[in-house]
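I opened this model to look up its core, a few side chains and its rings. My entries follow in the order I made them.

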Amino acid sequence: MLDNLNSRRQEEERIRKEGRLPPGQALTQKFPVLHYGPIPKFNPATWDLKVFGEVEEEARWTWDEFNDLPRTKLEMDIHCVTRWSKFDTVWEGVSLKTLVDEGFIKPKPEANYLLQHAEYGFTVNVPLEVAYADNFLLATHFDGEPLTPDHGYPLRAVVGHIPGRDELEDPYFWKGAKWLRGLEFRAEDKLGFWEQAGYHNRANVWDEERFARGGW
């Protein structure tokens, strides 16, 4: 156990020297499970993902149809507001920006925000510039395997930090909803579940925006 602790500390120090460890965070070599409410059951025959709001035409994909959409792989560091960070994580799924660029989704000009709708009425809000960025993904796989139920199977949004891409906004990990079921394009922002509970609306990891002290 002592060897493992020393190994973790050495790895954390290496990451810190590379400038990849945000303030107030600590490296974890595990993948902690944190969410509000029970884990929903998944039925591929009835599951769907809906796109609605400020779009030219609403869309709905079944599970099979969603898996036929263009695929993307993404490697990034993820940072939880509860102060753990996990590095070099590999995700696979669908890029929202790709869906827009290739015409699968056609937002109206007045669309500025994305409200993620998950099971049990849970919601997460982000500006579209975050949702369209290279570090935001609608993920079905983690580390080469399908997501586990406790990490959002079958579909979750993920957002993190791509080393060397400092121009990208880096929100805390809660800004990607588990068990995703809907994407609502909005003209005006609407606070999500945790933001209504007092968490910061912008949630930038480098500025330690954990709790509300103003928003965007």
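Which residues in the largest nonpolar core touch the most other members? I looked this up and found W61, F66, I105, L114, L138, L183 and F185, out of 32 residues in that core. A second, separate core has 16 residues, including V158, I162, L168 and F173. I took a nonpolar core as a set of buried Ala, Val, Leu, Ile, Met, Phe, Trp, Tyr and Cys residues joined through side-chain atoms within 4.5 Å. Buried means under 20% relative accessible area, exposed over 50%, and partly exposed in between (1.4 Å probe, protein chains only). In soluble globular proteins, nonpolar side chains tend to be buried together.

Notes on the source. This is a predicted model, where local features need pLDDT of at least 70, side-chain atom pairs count only at pLDDT 80 or more, and totals for chains, interfaces and linings use all residues. Residues are numbered from 1 along each chain as its sequence is written, and side-chain values use heavy atoms, with hydrogens and water left out.

Entry: W61. I listed its contacts (heavy atoms within 4.5 Å). Not counting residues up to four places away in sequence, W61 touches W47, D48, L49, V51, F66, L69, L99, F104 and I105.

Entry: R60. I found R60 in strand β3, residues 59-62. Strands (E, at least two residues) and helices (H or I, at least four) are DSSP runs, numbered from the N terminus. R60 is partly exposed, because its relative accessible area is 46%. Leaving aside neighbours within four places in sequence, R60 is in contact with D48, L49, K50 and E65. The side chains of R60 and D48 are joined by a polar contact of 2.8 Å. For a polar contact I need a pair of N or O atoms within 3.5 Å; within protein, one must be able to donate a hydrogen and the other to accept it, and residues adjacent in sequence count only if both atoms are side-chain atoms. I also checked R60 against R9: they are 51 residues apart in sequence and 46 Å apart in space, C-alpha to C-alpha.

Entry: T89. Is T89 buried or exposed? T89 counts as buried, because its relative accessibility is 3%. T89 sits in strand β5, residues 84-94. A polar atom of the T89 side chain lies 2.7 Å from the backbone oxygen of M76. The T89 side chain also makes a polar contact of 2.8 Å with the side chain of W91. Not counting residues up to four places away in sequence, T89 touches L74, E75, M76, I78 and F142.

Entry: rings. I searched the whole structure and found 17 aromatic pairs. The W174 and Y199 rings have centres 5.1 Å apart and planes at 80°, so this pair is edge-to-face. W174 lies in the loop between β10 (156-159) and β11 (180-186), and Y199 in the segment after α5 (193-196), 25 residues apart. Rings of Phe, Tyr and Trp (its six-membered ring) pair if their centres lie within 6.5 Å; planes under 30 degrees apart count as stacked, over 60 as edge-to-face and the rest as tilted. W174 is buried, with a relative accessible area of 12%. Ring pairs link F122, Y172, W174, F193, W194, Y199 and F211 into a cluster.

Entry: whole chain. I counted five helices and 11 strands in the protein chain. Of its 216 residues, 47% count as buried. The C-alpha trace spans about 55 × 40 × 30 Å along its principal axes.
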